[in-house]
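Have the sequence and the model at hand while reading.

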Amino acid sequence: MNNGSENLKQQKAGNPIFILIIFVVLIGFLFYIPEIYQKYNKEISNFLGGNSEEEGKDETKKDGKSPKSAYYQLGNKSTLKFNEITLTNISLSDDKKNLTLTIDAEESINLDDLYYYVEFYRERKTFLGRRVLHGQVTKSRTITLDISNLPIDTTTYMTVSYITDDGIQPITSSEDESGLSTIRCTKDKTVYEYEFYKKKLSKTTYKYTYTNTNFSDLADALLKAQKLETKYNEYTGVTAKITENDTSYIFLSEFDYSKVSSFQKLEDPRIYDKNTLNSVVKFKMDAEGFECK
């Protein structure tokens, strides 16, 4: 019996196929060790309460900035810190159409240069929508976000995210034979229409319709629109005009990029620079609460 066992062991030890199988199993085991460790280490950490405050936070960095903050539930009364800003006094209006928050910063910053978005989630998993942060902050500034077309309540979670233009995914657009395509974005009485040549912005049209049967209110609103019309027509590449009747007026302006590449002096963040990609325009206008098609 002993001699038979010894012979069997020798046969297996000298069998090339048996050695190859052992080698493959060993390599596979070593390959999956890091993945197994990360999976069970994370589960054990969550079970013990570790990272509960920072759940969902991506620790990688982009340009020295955290790409995403911790989750914050809207029913809370605490603060939310993200990179160089701190959000306080976060409150949802009674009709759930507006979210008001105060942004504090140690230095004066321009939110339009920071690519910061407030994103909303159900149970930290289901993405509901986002809103972009605009404006100049000198120490402190209170901002109201229009969330009227989002299913938001006090159980909703929010984060602040850092999303640069080059991180926005391309979209499929229907171009004609000449390479032209359009995106039309609508919100209440305001319409922005963007024309693209080979997916790059080449023209913008802005249309605003105001209606009021109260003659005094209509006259006041029309006076403001006329001042804006005069201001816009002073800029190269801009054509503005007003058509009116007894109860309404339409303000229409066109921005031609064949003459200038930027209209930032007009201080309308929805008038994007020449050659901005269609995917970037749609992403940002969606984050403004517009419905874009």
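Is Arg 130 buried or exposed? Arg 130 is buried, with a relative accessible area of 18%. Here, buried means under 20% relative accessible area, exposed means over 50%, and partly exposed lies in between (1.4 Å probe, protein chains only).

## Basis of the model

The model is predicted: local features need pLDDT of at least 70, side-chain atom pairs count only at pLDDT 80 or more, and totals for chains, interfaces and linings use all residues. Residues are numbered from 1 along each chain as its sequence is written, and side-chain values use heavy atoms, with hydrogens and water left out.

## Arg 130 and its surroundings

Arg 130 lies in strand E7. Helices (H or I, at least four residues) and strands (E, at least two) are DSSP runs, numbered from the N terminus. The side chain of Arg 130 makes a polar contact with the side chain of Glu 119, at 2.9 Å. A polar contact is a pair of N or O atoms within 3.5 Å; within protein, one must be able to donate a hydrogen and the other to accept it, and residues adjacent in sequence count only if both atoms are side-chain atoms.

Leaving aside neighbours within four places in sequence, the residues in contact with Arg 130 (heavy atoms within 4.5 Å) include Tyr 117, Ile 163, Phe 283 and Asp 286.

## The enclosed helix

Among the buried residues are Val 280, Val 281, Phe 283 and Met 285. The cover over the buried residues of H4 includes strands E6 (116-122), E7 (126-132), E11 (180-187), E12 (190-197) and E16 (291-292).

## The sheet with E7

An open sheet is formed by 4 strands in the order E1-E10-E6-E7, with antiparallel pairing. Strands E1 (72-73) and E7 stand at the edges with a single partner strand each, so one side of each has no neighbour in the sheet. Two strands pair if DSSP finds at least two bridges between them. E1 and E10 (residues 157-162) are antiparallel and joined by 2 bridges; in one of the pairs, Tyr 72 has Met 158 as its bridge partner.

## Strand E11 and its partners

E11 runs antiparallel to E12, with 8 bridges between them, and Thr 182 stands opposite Glu 195. Their hairpin has 2 residues between the strands, and Asp 188 takes a positive phi near 55°. E11 also pairs with E16 in the antiparallel sense, over 2 bridges, where Cys 185 has Cys 292 as its bridge partner.
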